[in-house]
Amino acid sequence: MGIDPALLEHRLDELYAIGAEPDGGAYRPLYGPAWATAVERVERWLKDAGLKPRRDAVGNLWGRAEGTDKGKSIVTGSHIDTVRHGGRLDGALGIVAGLTAVEALLKDKGKPRRPLEVVAICEEEGSRFATTFWGSRAITGAIDSVDGEIAAAMRERGLDPTKIASAAREDIDTFVELHIEQGAVLESSGTPLAVVSAIVGTAHLELCVTGRPDHAGTTPMDLRLDALAGAAAMVHAVESIAKSLGRPAVATVGKLSVEPDQINVVPGTVVFTVDLRHPDLAGRRALEERIRSLCGTISEERRLGLAIRSLQDKPPVAMHPDVRALLARAAKECGVQATELVSGAGHDAQILAARCKVGMLFVPSVGGRSHCPEEHTDPSHLELGVRVLVRALELLAY
Ligand code: GLV
Ligand code: MN
Ligand code: MN
């Protein structure tokens with residue numbers, strides 16, 4: 001089928017240039033100016049491909065080709081937002097690949113039997129507001145009201161926060177997403193493609209450690225309540241617990257703030273986050289329980305206050321067996337034996353699974369690098385991913 005690999009690369013370059021940061025990578029935070037420019041660019045591409053564009057109440061962008069039959073839609077796409085200093089492919093690939101695949105199908109096969117849609121989901125990363133999966137959660141009807149800074153940011157983009165519930169959809173049959181692996185399993189095994197079997201469960205915790213701010217010169221070491229020294233012991237404990245549980249358990253402290261953040265003041269308060277993941281629920285819970293308990297012990301030993309807040313708690317989600325089988329078949333028909341893989345990264349498919357059948361394809365990430373400017377996939381692997389996506393969409397929609 002006629003896909004143009006050079007056009008695929010060119011569109012990825014164009015999106016990557018939007019929100020380019022002077023010190024590397026791109027940043028397209030939800031509802032920001034770069035985000036808005038990227039949405040406009042994709043909207044133009046959708047129109048050029050003969051799809052009917054529509055923006056929903058949360059800011060997801062849809063491009064639709066009607067089917068000869070009525071009924072639920074077949075949807076492909078990904079998220080348009082990025083992390084800070086994000087790479088060229090995370091999210092962008094799923095949108096550009098979906099567009100390229102649907103464009104090729106419409107050109108070669110004409111009107112589909114079932115409605116066929118490409119979606120640019122407004123937010124998945126959680127890199128601007130204290131929320132993740134904002135776009136896909138709105139699609140599943142999980143958001144019924146918005147306030148605060150996110151509502152203000154929506155209004156700035158001409159979106160009415162009071163209408164957010166209208167972004168919910170009941171008419172999606174299947175969602176398929178092509179994404180980069182973001183790890184090194186495929187590369188190290190020399191496998192060009194994977195069908196995702198499940199997405200790991202993720203918990204996000206916020207720990208607030210309170211001590212006492214004191215003079216750094218006059219307060220003897222034995223009289224201090226140093227929140228940062230306590231937090232450092234906790235950060236070390238988080239790492240040790242995940243290491244002692246072994247693969248595939250992972251735990252990361254990615255954000256930490258110190259108050260009053262002065263060179264000559266004993267830190268009084270530290271707030272830090274923990275991202276912890278495991279593909280099975282019992283493993284995820286064991287990891288979280290050990291972290292909570294050991295941080296509690298450290299705070300008691302050091303006479304520090306500790307408050308733990310749960311910011312997110314997502315269970316592992318299996319991809320739909322029919323979609324897994326269909327993706328494996330599509331791969332085989334394109335001449336590759338795809339492996340099955342559990343995704344260690346979160347994806348919109350895990351949210352959309354509440355409303356429709358979902359499946360994902362992974363292509364290798366060079367060096368396993370992602371969420372950084374070095375994120376790269378060999379062009380031949382990108383092309384293979386799109387060819388398999390085309391075949392999968394053909395099997396689903398024609
Ligand atoms: C999203 O990229 C996540 O896995 O945190
Ligand atoms: Mn990401
Ligand atoms: Mn992603």
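Where is Pro 260? Select Pro 260 and you are in the loop between β9 (256-259) and β10. Helices (H or I, at least four residues) and strands (E, at least two) are DSSP runs, numbered from the N terminus.

The structure is a predicted model, in which local features need pLDDT of at least 70 and side-chain atom pairs count only at pLDDT 80 or more, while totals for chains, interfaces and linings use all residues. Residues are numbered from 1 along each chain as its sequence is written, chains are lettered from A and ligands numbered from 1 in the order in which they are written, and side-chain values use heavy atoms, with hydrogens and water left out.

Pro 248 belongs to the loop between α7 and β8.

**Helix α7**

Step back to residues 227-245, helix α7. Its 19 residues reach 27 Å from first C-alpha to last, close to the 27 Å expected at 1.5 Å a residue; the expected span is 1.5 Å times one less than the number of residues.

At the N-terminal end, show Asp 226, which caps α7 with a side-chain oxygen 2.9 Å from the backbone nitrogen of Leu 228. Such a polar contact is a pair of N or O atoms within 3.5 Å; within protein, one must be able to donate a hydrogen and the other to accept it, and residues adjacent in sequence count only if both atoms are side-chain atoms. After α7 comes Gly 246, with a positive phi near 85°.

Now colour by accessibility, where buried means under 20% relative accessible area, exposed over 50%, and partly exposed in between (1.4 Å probe, protein chains only). The buried residues of α7 are Ala 227, Gly 230, Ala 231, Met 234, Ala 237, Val 238, Ile 241 and Ala 242. Seen down the axis of α7, they fall within an arc of 125°, so they line one face of the helix; the arc is that of the directions from the helix axis to the C-beta atoms. The face turned away from this buried side carries the exposed residues His 236, Lys 243 and Ser 244.

What covers the buried residues of α7? The cover includes β7 (201-210), β8 (250-252), β10 (269-278), α8 (281-301) and β11 (305-314). In helix α8, pick Ser 299, which is buried at 6% relative accessibility. Ser 299 touches Met 234, Leu 304 and Leu 306, not counting residues up to four places away in sequence; contact means heavy atoms within 4.5 Å.

**Two manganese ions**

Select ligand 3, a manganese ion coordinated by His 79 (NE2), Asp 90 (OD) and His 179 (NE2) at 2.0 to 2.2 Å. Donors are N, O and S atoms within 2.8 Å of the metal (3.2 Å for Na, K and Ca); water is not among the atoms, so sites may look incomplete. Along the chain, the donors of ligand 3 follow the spacing H-x10-D-x88-H. His 79 lies in strand β3 (residues 73-79) and Asp 90 in the loop between β3 and α3 (92-109), so the pair ties together parts eleven residues apart in sequence. His 79 is buried at 1% relative accessibility, and Asp 90 is buried at 6%.

Asp 90 bridges ligand 3 and the manganese ion that is ligand 2, and the two ions lie 3.7 Å apart. Move to ligand 2: its protein donors are Asp 90 (OD), Glu 125 (OE), Glu 125 (OE) and His 371 (NE2), lying 2.0 to 2.6 Å from it. Asp 90 and His 371, the latter in the loop between β14 (357-363) and α11 (379-397), link distant parts of the chain, 281 residues apart. His 371 is partly exposed, at 41% relative accessibility.

**Cores and positive phi**

A nonpolar core is a set of buried Ala, Val, Leu, Ile, Met, Phe, Trp, Tyr and Cys residues joined through side-chain atoms within 4.5 Å. The largest has 77 residues; those with the most contacts inside it include Tyr 31, Val 42 and Trp 134. Apart from it lies another core, of 24 residues, among them Leu 207, Ala 231, Ala 237 and Leu 304.

Select Tyr 31 in the loop between α1 (5-17) and α2 (33-48). Tyr 31 has a positive phi of about 65° although it is not a glycine, and it is buried at 1% relative accessibility. End at Phe 133, in the loop between β4 (116-121) and α4, with a positive phi of about 55°.
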